[in-house]
Amino acid sequence: MAIDMNIERQVLRRTETSAEEIVVNFGPQHPSTHGVINFVTQTTGEIIRRSVPDVGYLHRGLEKIGELVPYPGYMPFTDRIDYLAAMFANEGYALAVERLLSVEAPPRARYIRAIAGELCRISNHFISIGTMATDIGAATPLTHALRERESVNDLLEELCGARLTFNCHRIGGVAYDLPAGWGDKVLRFLDHLDSYVQEFDRLISFNKIYVKRLANVGVITRAQAIDYGLVGPNLRGSGVKWDVRRDLPYGAYPDFEFDIPVGTGRFGTVGDCWDRYYVRVQEMLESSKIIRQALAKLPEGEIMAKVPRKLKPEAGEAVGRVESARGEMLYYVVSDGSEKAHRLRVRTGSFMAMAIIEELSHGIMVADLIAIIASLDVVAPEIDR
Amino acid sequence: MRITLGLDSTSLTRRYPKLAILATLFMAFALPAGLYLAALAIFPLNTPERIDATVDALAAWCGRLVGADWQVHLAGSPYRYLVYTLFLLLVAFIAVNYAAVFGGASTWVERRVAGRMQSRIGPNRTGAAGFLAWVADAVKMVLKEDTIPASADQLLFRAAPYFSMVGLLLPFVVLPFGESTVVTDMNVGVFYAAATSAFVVVGILVSGWASNSKWALFGGIRGAAQVLSYEIPAGIAMMVPVLMAGTLSMQGIVRAQGGWPWEWFVFRNPAAFVAFFIAVTSSLAEGNRTPFDLPEAESELVAGYHAEYSGFRLAIFLMVEWANMWIMAGLAVTLFLGGWQVPQFVAEDYARLFGTGLPPSLGWFLLQVASMLIFIIKTWALVFVFIWLRWTLPRVRVDQLMSVCWKYLVPGAFLCFIVTLLWQMLVPPVGMDYTGYALTLFALLVLGKFLVDTRRNIAKVKGHRVDLSNW
């Protein structure tokens, strides 16, 4: 029997429909789906009966490409997996291939990776919390967040020449050393950031309407979060203190002291949309702490390990796990001894977050669905790859 | 190759840079001022007797110019209803143009203010300071194809914008712009304004239904539920000034207030102070402004009830939305904030300056202009607050919207109504004077605290710079 690929028909078939119910496609082109995703939503007016995410509109075969190009040549493609947090996509791939090759990046390169990564996390979280405010209906926080993100982008542009798709890391190190005087610029920005986050809180985080819209909405319990394999801020928003940087340390992270913010249910239940939102706000301050420590302790030395010109790892498999801005990002690379990977697989945070939306969608309101999608911080290219 | 027509605006303004500034000054000041002066000249002649007298006097004056003795007795003429109709059309023309110009200009103000609030620039290319952007927008929208979806209800889809348009224009009839600048001072003015402004929702509901689109239907139904609910607190809160003035006539309510802030109704009575905020909140909800912009919530419903509209019909919807701010703010100013009242001038001064016979003295005209300016400044200030709220607050959810209305605003408005009844019966006028001083002082203290807090909060952020060079 042929499989029916029309998800709208599937939704209709799986639930009995009455005259009052309509099926609405939230997407694939919709202002608050954060990319090309479709949420097939069965609804009776404002109350949603169920909403099924329909993914795959942005599938570009990035994993297959990884099996077709040589190892170093795949680095620019990883940027496109998650264009808002490309540093982590670079880093995860580099880690996996380095383990295949049994080389390790020199200490200075590891520190540069941490600094660039945490700056990228700040820039990503600004987009995340800004678009979330826009989805809730406040237009101004997004532009303020974008203004701050511009400063981060300027810094990263100075570091690696790109503002979005960085292609900054290399297998065995990083491509560029820190420019002269760059550290002071970063510190100046961080001073601004630490005080600016309070202004952002006054502007939107503790706004009465905003809190009322998000508290007790889309509650993901601790058990649910673990069962559905949520990662990153979505998992920590439910009160699970799990962070790859601390629990499976990699790179330079064992050298740094930092907290792991978790959801506390400050205005409602632990694991509601506001908790996930505020975990991201706090993570920016933690990133700021990490960058300050890294800049203070930055070791001298090489930025690239000795790697052969042609990478031919021995047959085997390796895993690279990093804490991306959207949670754990896992690269699984299988080598058959040739110049290209035999198999490459990427596991991303956004994809894990999609599954729980149907579970949360029973009986919520249309506006809540938008809040839940925004609070899970999904990015369409990262879901589909 | 770039093909330029004779009237290419960019090449014209590039060749004559001062043309842009002149055009801007004309559109920004001369056009509204001309409309105001036309209103000042025409609106006071709003009774048949005055039209008769004016036409007779004009004919005699023209006759003297050419040396003939022209006698027109319009009151007895068979053509007099034709003249009255022409007069009414002229009045309507002025009011419609004013609504359109305000609607357009306020989009520019909104975009510039929003730009400043959001650390960006906003439109600054067309005309000086980008003021002509709204003219360019209007031209663009009028030139676009007016598409009608094949599955839409053709008749209702075409008709819906006009319902909204009627709902926008009818309240202009009773809205007093100045001491004698009102089309007609009905004795049921407040009731009429509340009733006709609700026509806008008919357009929203009809467009939502006729578009045959799910998003539009969502928007239409939300709009209907929202506006009908918020009519109730708005209506009851509007009754508070009616009780205080003892009349439903708009001009009567303004005349019962004074020019100084402590003589405004909002400060004369604690219940009216609360009722003012209830009325403004409800009118924001009726005008679909943030935080109550649910019928066209972009992040939820894409564009809501006007999702399927384009071209001129969309332009009408947008014009109604922005020009409605003038009605909302104008009503609040008239009912609570003293309307056009000039400080230190009382009704006898207007009568004394008018003198006997037509035309009135120059002093009277100057006083009229002053009263209009005061009304305009107050209304623009309130419009600015609406814009400010829109770019600050998030949107409420539809159930929260309803609970705010039915659980808080409706009982609150009833309470204000009853307290005002008791206040009017029990408190002597001198007590109201002292309440006026006290509440004015309170409002000033709140304003001062707000400014101090803002300053302190701005200073808290390190490395912040406000760049004003891009105006």
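Which residue in strand 3 of chain A stands opposite A:Thr44?

1. It is A:Ile47 that faces A:Thr44. This is a predicted model, in which local features need pLDDT of at least 70 and side-chain atom pairs count only at pLDDT 80 or more, while totals for chains, interfaces and linings use all residues. Residues are numbered from 1 along each chain as its sequence is written, and chains are lettered from A and ligands numbered from 1 in the order in which they are written.

2. Strand 2 (residues 38-44) and strand 3 (residues 47-54) of chain A run antiparallel and are joined by seven bridges (strands pair if DSSP finds at least two bridges between them). Two residues lie between the strands of this hairpin, where A:Gly45 takes a positive phi near 70°.

3. Chain A has 15 helices and eight strands (DSSP runs numbered from the N terminus, helices being H or I of at least four residues and strands E of at least two). Its radius of gyration is 21 Å, close to the 21 Å from the globule rule for 385 residues, so chain A is as compact as a globular protein of that length (taken over C-alpha atoms, the rule being 2.2 Å times the number of residues to the power 0.38).

4. The contact between the chains takes 34 residues from chain A and 27 residues from chain B (residues are in contact if their C-beta atoms, placed from the backbone, lie within 7 Å). On the side of chain A that touches chain B, helix 7 of chain A supplies the largest share, eight residues.

Terms used:
Contact = placed C-beta atoms within 7 Å.
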